[in-house]
Amino acid sequence: MATETATLRATERQYHSTSSPYVLPNDQSSSAVEQDRLDAQAAAIVEMIGGSPFLAPLLSMTGISKAVDMGCGTGVATIQMAKIFPSAKVYGIDLSPVPEAAQKLAPANTIWARGNILDADDSQYTDNALNREIFTPGGLDYLFGRMLFLGINDWAWYFTTASKSLRSGGIIEHQDLDWKFYRVGTSECLSDDWEWHRAVVAGAEHAGLSTCAGSGATRFMQDAGLEILSVRSFEFSFVPSSKTPNSQAMGRYVQAKLMPNYPELLRKMLGAKGIGVDELERLTNDCLRDLSSEPGVHQKYTVTIARKP
C-alpha cells in the first residue's frame, strides 16, 4: 500500500495519499500542527475515561509476548504499552511515520511500522511486516485501537483479522466514536435536526465509513468470534460543561485544536457529494455554530473490550 504524503505547497497542510479514507492532515514537520493535536487529543481522552489510556486489565495480564497499537498516531499509547509489557514486542502501526522525537523516547521493545490492517491477509504471502510478523495467526496477545472511525471502511474485515491474529485468551480493546451529537448528560440527540450533519453522514457513508464505529463494535466483534468482556460509554464533549468534569479537558481540546480542522473536513467529505461552494460555506457555518451552541454537547465514545475464546 502506498503511504506517501500529498503536499501542495510547503505552507499548506499535508494529507495522506493512501487507500485509507482518512481525511484529517498528517503534517510531518518538526513543528507539525497535527502531531500537537493528536497528543492533546490523547491526553484529553485519558482524562475523559478515568486517567489511564487502557481500560483492559493490562497489569494483570501475564505471558505477553506481542502487542499492537493500531493507528498509533504520535506513538503516545504505544510507548505506554511498551513500558507495561517490557518483555514483549510492542508494535505501533500507523499510515504515517511516528515523529522522531517519540521514537527516541520509546523503550527498546518498541517496533514502529507503517501500514493499514485492512491490507493484512494471512492467505497471501507478501514481503510485508503486517503479514510476515505482526498479524500472524494466533500470535497476538493484545490489540489496542483508538479513534479509527475516519480510517477504517471495513469493520468486518478489521475485527476478523484481529480475531485470527489473537491467541486463545488474547484481548482486543477498541475505543471509538459515533457520529451523532447529544445534549449533556442525556441521550437526547441534537444532530437529527442539523442539515449539515445529515450531509456529513451521507458523505461518510459514500466513503464507506461507519457512523457508529464505537457502539457498533460489539456486533462485529461477536460476528468475528470474539467474546465481549465489557462495554463502557463516555461523553466526548465539544464544549466544556460542569456537569461532566472528566470531559472538560476534551471540550477545551475540541474548541482549540479540533474545530479549526472542521471546515477542511467538511470540504473533503461534502465535496465528494458534489455540493457547491456557496452551499458548503453555509453548511460549514451552521456546523461551527451548532457544535459550540451549548455546554456539554457531545458524541458518544465507546470502549469495548473482548477476548478470543
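**Exercise 1.** Which residue in β6 does aspartate 69 stand opposite?

*Solution.* Keep in mind that you are working with a predicted model. Start with the two strands: β3 covers residues 66–70 and β6 covers residues 140–146. They run parallel and are joined by four bridges. Now look across from aspartate 69, and you find phenylalanine 144.

**Exercise 2.** Work out which strands stand at the edges of the open sheet.

*Solution.* First, write down the order of the seven strands: β5-β4-β3-β6-β7-β9-β8, with mixed pairing. Next, look at the ends: β5 (110–114) and β8 (227–237) each have a single partner strand, so one side of each lacks a neighbour in the sheet. As you step from one strand to the next, the twist averages 15°.

**Exercise 3.** Decide whether glutamate 34 is buried or exposed.

*Solution.* Locate glutamate 34 in helix α1, residues 33–49. Its relative accessibility is 2%. The cut-off for buried is under 20%, so glutamate 34 counts as buried. Then turn to leucine 258: it lies 224 residues from glutamate 34 in sequence, yet their C-alpha atoms are 9.5 Å apart in space.

**Exercise 4.** Describe how helices α9 and α10 pack.

*Solution.* Take α9 (residues 262–271) and α10 (residues 277–290): their axes are 10 Å apart, at an angle of about 135°. The two helices are therefore oblique to each other, and their crossing is right-handed. Helix α9 contributes Tyr262, Pro263, Leu266, Arg267 and Leu270 to the contact, while α10 brings Leu280, Leu283, Thr284, Cys287 and Leu288. Sorted by class, these are eight nonpolar residues, one polar and one charged.

Methods. Residues are numbered from 1 along each chain as its sequence is written. This is a predicted model: local features need pLDDT of at least 70, side-chain atom pairs count only at pLDDT 80 or more; totals for chains, interfaces and linings use all residues. Side-chain values use heavy atoms; hydrogens and water are left out. Buried means under 20% relative accessible area, exposed over 50%, partly exposed in between (1.4 Å probe, protein chains only). Two strands pair if DSSP finds at least two bridges between them. Axes are lines fitted to C-alpha atoms, for helices over the stretch in contact, and angles run from 0 to 180 degrees between N-to-C directions. Angles under 35 degrees count as roughly parallel, over 145 as roughly antiparallel, 65 to 115 as roughly perpendicular and the rest as oblique. A crossing is left-handed if the near helix is turned anticlockwise from the far one by less than a right angle, and right-handed if clockwise. Contact means heavy atoms within 4.5 Å. Ala, Val, Leu, Ile, Met, Phe, Trp, Tyr, Cys and Pro count as nonpolar, Asp, Glu, Lys and Arg as charged, and the others, Gly among them, as polar.
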